[in-house]
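Please look over the model shown here alongside its sequence, and keep both at hand while reading the report.

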Amino acid sequence: MALVAQIGESVTNGLAYLGSLATLGVRASYYTFVGPFRGKPLRLQRAISQAMDVGVRALPILSLITFFIGLILALQGAYELRKFGAIDLVATAVAVSMTRELGPLITAIVVIGRSGSAFAAEIGTMKVTEEIDALETMAISPVHFLVTPKFLAMIIMLPCLTIWANTMGILGGSLFGVLQADFTLNRYIRASVDSLFMRDITTGLIKSVMFGITITAVGCFEGLATGAGAEQVGRSTTRAVVMSIFLVVVVDLLFTGLFFFVSGE
Amino acid sequence: MDDVTANSAESEVMLSLRELRVAYGDREILHGINFDVRRGETLVILGGSGCGKSTLLRTLVGLEKPSSGEIWIKGQNIAAISPVEMDEIRKKIGMSFQGGALFGSMTVGENVALPLREHTKLEESTIEIMLRLKLEQVGLAGFEYYMPSQLSGGMKKRAAVARALAMDPEILFFDEPSAGLDPIIAAGIDQLILELKRAFRMTIIVVTHELASAFLIADRMVLMDKGNVVAIGTTAEMQKSTQPRVRQFLDRIAEPEVARELDYLQMLTEERRPSGRV
């Protein structure tokens, strides 16, 4: 009986958590897409500086990681393909797995580590030093002021980073292709591009937008839910990272399933 | 003392509490608070740690929701108004937080100008002038390009006051204005509060446990204990009071030794609040 009650409580808590995230997401979307037409202008300057942080400054590390991932995929793929004498298909294997799955996912994980954690830490510190309370007493909505610029930066930058990550992954694969599979760089790239359908790229990009929304909602929610005291900021940051990774994988599963069953892709 | 009461009795009531109760979960922090604050007076809310004075202040500025009772500010009961109406009230009040609560990513000038940029359609040049004026009022002229981290504790508090003053509020709230400051800097903040009162006839509500500062700035005082108001009166009335709890607080007499474990346990649980703030 106690077990049932415990499971029931966990499920209720989980649903309540998702509800809070959804509320925050909806409010941030309202301020992003509806607010500007109702006299609540977007903070473009803050959004641009966030976009620099979330996007541009993530490029070096993201490039390196996805280049290696592409190379690893080529090596692993070749191991199996070689048995069938189909090593030419290595370009296809890398291109399809990068654009459909690993590009968006690896990008999301890098962004969680760099920015999701930073959102929680920044907002959590502001909570502890009463800056969030100060915003509220000045009649400034913390969601409008703090969350919306991050939200906007994320939903724009994550797809951009994903495209970049896909490209770097394919380039990583090409290193193997050129050195070990008798491709020229030109022919490898052409083979990759030929193997991709538009929907491979778009489904990946749609997922990356959903990941961006998830990461912002979790990071900001955890920040805003920070209790009193500096150690709570550390706790929120950890929770933000763990919950974001988990929820990104869940969202990934949901959308991959959706694409599979709806369009058979 | 008589003329103070006589004068303030005639003037308009700015803020009025009726049977205000605040609870966190099942635990009630404030057990029915009643008092009025009149225009132009400085009311000091005194009390020991955990007496509920910070909770009271947070409730007055709308950061906590009362569980029952009424808070009337400018003819509106903020316990029962919509968030939009509350925002309108908030534009007419200023709050100076204990640690200043300045935004670390903005300069002092940007901090002070923020409410103006958010809520008014003033020209940038007008905002610049107002910002200089506000900084001058708190003795921080020329500091607009400093970051909050470059300021000392006392200067941060002054900057926070300048930000609270930005919208020319009718009521100004202070949370522990002298907490964490050395006696000289703290005296400077007291002077600043007195100047604001004299120059603008501003209604000021201060929460503190510093007796010297309280007697210097207050017109009237409210002494709180365990979520109840123990005494209300002018500074002179308080000093003459024979109420044991008032005397104990004003004469700084230590709590008698806790004899029984149960009492001690009860004291501990009464002083703890879920958010960790006391």
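## Chain B as a whole

This is a predicted model, and in it chain B contains eleven helices and ten strands. Chain B has 278 residues, of which 40% count as buried. When contacts in chain B between residues at least 6 apart in sequence are considered, 66% of them join residues that are at least 24 apart.

## A helix pair in chain A

Two packed helices are described by the angle between their axes and the distance between the axes. In chain A, helix H1 (residues 2-34) and helix H6 (residues 142-180) have axes that come within 9 Å and cross at roughly 85°. Because angles of 65 to 115 degrees count as roughly perpendicular, H1(A) is roughly perpendicular to H6(A).

On the H1(A) side, the contact is made by Leu24(A), Arg27(A), Ala28(A), Tyr31(A) and Thr32(A), while H6(A) brings Val143(A), His144(A), Val147(A), Thr148(A), Phe151(A) and Leu152(A). Sorted by class, this contact of H1(A) with H6(A) has seven nonpolar, three polar and one charged residues.

## Where chain B touches chain A

The contact between the chains takes 17 residues from chain B and 13 residues from chain A. On the side of chain B that touches chain A, helix H3 (83-90) and helix H4 (108-119) of chain B each supply at least two residues, and the largest share, four residues, comes from H4(B).

By class, the residues on this side of chain B divide into eight nonpolar, four polar and five charged.

Technical notes: Residues are numbered from 1 along each chain as its sequence is written. Chains are lettered from A and ligands numbered from 1 in the order in which they are written. This is a predicted model: local features need pLDDT of at least 70, side-chain atom pairs count only at pLDDT 80 or more; totals for chains, interfaces and linings use all residues. A residue is buried if 20 or more other C-beta atoms lie within 10 Å of its own, exposed if 12 or fewer, and partly exposed in between; C-beta atoms are placed from the backbone. Two residues are in contact if their C-beta atoms, placed from the backbone, lie within 7 Å. Axes are lines fitted to C-alpha atoms, for helices over the stretch in contact, and angles run from 0 to 180 degrees between N-to-C directions. Angles under 35 degrees count as roughly parallel, over 145 as roughly antiparallel, 65 to 115 as roughly perpendicular and the rest as oblique. Ala, Val, Leu, Ile, Met, Phe, Trp, Tyr, Cys and Pro count as nonpolar, Asp, Glu, Lys and Arg as charged, and the others, Gly among them, as polar.
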